[in-house]
Amino acid sequence: MNAQSSPSNSVLVVDQEPFQKSDLEPFLQENGFSVTRRGSDTLNAVLPDGYDVAVVAGTEQDSTLDCSVGNLVGFALFPTVVLLRGVATVDRIRWLEKGVDDVMVWPAARRELTVRLQNLVRRQR
């Protein structure tokens, strides 16, 4: 476990695409995050609470991505990070303008993702 991350850091991962599940969850757990996964359908039905940060993973082509991000940004009391597969700078800016706290391209530099999540969690406390 990474010494800089507290085991109590709780991450909600909203998977828009199955390809991201295999890499993302074990990586976050190895770095001291407690991970809960939800599909976009369950997120849209019940807005979650009690997490330190949310990670929404998907592609621009996924029609549920807008809805999931909108729910989290509009109603959640924790920061939201979007991981997008292969997008241009302009697309990342569009997500930041929608109110997400951070946007990264997946596959992301793993250490950078860890530090960004830790920083967001630290600022929330």
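Is arginine 116 buried, partly exposed or exposed, and what is its relative accessible area? In this predicted model, arginine 116 is partly exposed, with a relative accessible area of 30%, where buried means under 20% relative accessible area, exposed over 50%, and partly exposed in between (1.4 Å probe, protein chains only). The model being predicted, local features need pLDDT of at least 70 and side-chain atom pairs count only at pLDDT 80 or more, whereas totals for chains, interfaces and linings use all residues. Residues are numbered from 1 along each chain as its sequence is written, and side-chain values use heavy atoms, with hydrogens and water left out.

The fold is described here in terms of helices (H or I, at least four residues) and strands (E, at least two), which are DSSP runs numbered from the N terminus. Five strands form an open sheet in the order β2-β1-β3-β4-β5, with parallel pairing, two strands being taken to pair if DSSP finds at least two bridges between them. The edges of this sheet are β2 (33-39) and β5 (102-106), each of which pairs on one side only. On average, neighbouring strands of the sheet are turned by 25° against each other, direction ignored; axes are lines fitted to C-alpha atoms, for helices over the stretch in contact, and angles run from 0 to 180 degrees between N-to-C directions. Strand β1 (residues 9-15) runs parallel to β2 and is joined to it by seven bridges, and asparagine 9 has phenylalanine 33 as its bridge partner in β2. Helix α5 (residues 110-124) lies across β1, β2, β3 (53-58), β4 and β5, and runs at about 160° to β5.

Within strand β4 (residues 80-85) lies leucine 84, which is buried, with a relative accessible area of 0%. Leaving aside neighbours within four places in sequence, leucine 84 is in contact (heavy atoms within 4.5 Å) with Gly58, Thr59, Glu60, Leu65, Trp95, Val103, Met104, Val105 and Trp106.

Side chains of opposite charge can pair when their charged atoms come close. The structure holds three salt bridges, a salt bridge being a side-chain nitrogen of Lys or Arg within 4 Å of a carboxyl oxygen of Asp or Glu. Aspartate 66 and lysine 98 meet through their side chains in one of these, at 2.3 Å from N to O. This pair links distant parts of the chain, 32 residues apart, with aspartate 66 in helix α3 (residues 64-75) and lysine 98 in the loop between α4 (89-97) and β5. Aspartate 66 counts as partly exposed at 36% relative accessibility, and lysine 98 is partly exposed, with a relative accessible area of 36%.

Arginine 116 forms a salt bridge with aspartate 102, in which the closest N and O atoms are 2.7 Å apart. Here too distant parts of the chain are linked, arginine 116 lying in helix α5 and aspartate 102 in strand β5, 14 residues apart. Aspartate 102 is buried, with a relative accessible area of 12%. Arginine 116 also forms a salt bridge with glutamate 112, the closest N and O atoms being 2.5 Å apart; both residues lie in helix α5, four residues apart, about one turn of the helix. Glutamate 112 is partly exposed, with a relative accessible area of 34%.
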